[in-house]
Amino acid sequence: MSKEAANTALDASRTDASQAPADAGDAGYSKDLKARHVNMIAIGGAIGTGLFLGAGGRLHSAGPALAVAYLVCGVFAYLVVRALGEMVVYRPSSGSFVSYAREFLGEKGAYVAGWMYFLNWSMTGIADITAIALYTQYWSAFTTIPQWVLALIALAVVLGVNLISVKYFGEMEFWFAIIKVATLVAFLFVGIFLIATQHPIDGQTPGLSMITDHGGFMPSGTMSVILVMQGVVFAYAALELVGVAAGETADPQKVVPRAVNSIMWRVGLFYCGSVVLLALLLPSSVYSSDESPFVTLFSKLGVGGIGDIMNLVVLTAAMSSLNSGLYSTGRILRSMAMSGSAPKFTARMNRSQVPYGGILLTAGVGVLGVGLNYLLPHDAFEIVIEVSSIGIIGTWVMIMVAHLAFVRRAKQGLIKRPSFRLPWSPVTEIVTIVFLLLVLGLMWNDPDTGRKTLMLIPVIVVLLVAGWFAARRRIRREATQELTKLTDGE
């Protein structure tokens, strides 16, 4: 059967989404995520390890100008999620952008989008367990325990929780997000109070002098700000999670637009606001990649227990990010497995309607991350962040390419765009894609890690091509079976 006939059959099957899922990978899920879960998952996705741990080293390298980097990358991250949100409103799917890439770009597009996303989250998972181990070693009781052991324990605990049910996942993410938001709000109030009262911190008076007397807005020059861009993009890597969660909520058409529209003010308030305050409270050179900047600040305030409380909060943030990564890759891999482009076992679900096969595959890569923590405990976090940046940039580019095809299909009169739309298409998609590719290319200016990371791209391409040729027969077979079901009216 031709590709055009296949698309016609698929379109015809969508007469009643409540009776037959538009994507085979959407079948079997519960609808246990409520509006409050999805809203807080979106907030939690915007506040994670990239801010709580990654901001320390980036403040040290880029200085206060890091706030501008967060703002610029945040705008483009919002545009990506807005494009994804439009497609979610058009047709909610647990396969999210993989499902949309399959519909508008074909199976090759879905294959690339899915495996790039897996690369991102498998590497992010390693970053998360590394962060958890570093946070835990903040307390003297754990300093004697090897970093890799703590990373392994963290992975085992979060894996166990993730396999229970989506309801428990949503509830856990809800409270994790509440803790993160409450902490940042409290920090913003405390920071403003310290500046307003000129309360000394570590023997220095907070204010603009923390910037002007310590090298200015860009103490290490413009290039240092540009070089941190890929790490800043990583900080927003979980925003697209709201699109995956939409497939397991009862009313995504109402929930998703509200969640997406609130992203921009979160970026401005939590990321940019926090970085500006951190720069006004202490010299940027004081912060480091070895410790959360919030822990650094509160520890230097000299108030007993504050540093411990903040460390516990950022530990929670890292656990939340790891939990979200296992959740999302489980759903994405199942969508791919149902079409033949991922291993068959990743399509398996347990009695609680959790796709445990894909979750276990991601956790398996996390075990390799435990080995990385054993071999390179001081460099593990930065190494995997660099590699994950390739994955998230690749995923976001595929989302925008899929949206371009989606809009083109709408202009042809084949589908109808919802009222919730990405503005200024197709200019928005093209500008965003160019920006993302520029961020990727700028990594070449970092000879220590960025350049080495870019050298992995040919390796990734070879693996993708080899994987496609290995899976294409299975993909054709699954497509033929699905079309047979559709044409037979099953």
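Reader: Which residues form the nonpolar patch on the surface?
Author: Trp148, Leu152, Tyr374, Leu375 and Leu376. Together they have about 510 Å² of accessible area. Keep in mind that this is a predicted model.

Reader: Which helices each supply at least two residues of it?
Author: Helix H8, residues 147-162, and helix H18.

Reader: Take Tyr374. Where is it, and is it buried or exposed?
Author: Tyr374 is in helix H18. Its relative accessibility is 56%, so it counts as exposed. The cut-off for exposed is over 50%.

Reader: How many residues does H18 have, and what is its reach?
Author: H18 has 20 residues, 356-375. From first C-alpha to last it reaches 29 Å, close to the 28 Å expected at 1.5 Å a residue.

Reader: Which residues of H18 are buried?
Author: Gly357, Gly358, Ile359, Thr362, Ala363, Val365, Gly366, Gly369, Val370 and Asn373.

Reader: Switching to the inside. Which residues touch the most other members of the largest nonpolar core?
Author: Leu66, Tyr70, Phe187, Tyr236 and Trp396. That core has 154 residues.

Reader: What does Tyr70 contact, leaving aside neighbours within four places in sequence?
Author: Gly50, Leu51, Ala55, Val232, Ala235, Tyr236, Val267, Tyr271, Cys272 and Val275. Tyr236 is also on the list of core members with the most contacts.

Reader: Last one, Ser320. Buried or exposed?
Author: Ser320 is buried, because its relative accessible area is 2% and the cut-off is under 20%. Ser320 lies in helix H17, residues 306-339.

Reader: And what does Ser320 touch?
Author: Glu173, Phe176 and Lys180, not counting residues up to four places away in sequence.

Key: Residues numbered from 1 in each chain as written. Predicted model: local features only at pLDDT ≥ 70, side-chain atom pairs only at ≥ 80, totals over all residues. Heavy atoms only, no water. Core = buried A, V, L, I, M, F, W, Y, C linked by side-chain atoms within 4.5 Å. Buried < 20%, exposed > 50% of the residue type's maximum accessible area, 1.4 Å probe, protein only. Contact = heavy atoms within 4.5 Å. Helix = DSSP H or I, 4+ residues; strand = E, 2+ residues; numbered from the N terminus. Expected span 1.5 Å × (residues − 1). Patch = residues over 30% accessible without salt bridge, like charges linked within 9 Å, V, L, I, M, F, W, Y side chains within 5 Å. Areas by Shrake-Rupley, 256 points an atom, 1.4 Å probe, with all protein chains shown as cover. Salt bridge = Lys/Arg side-chain N within 4 Å of Asp/Glu carboxyl O.
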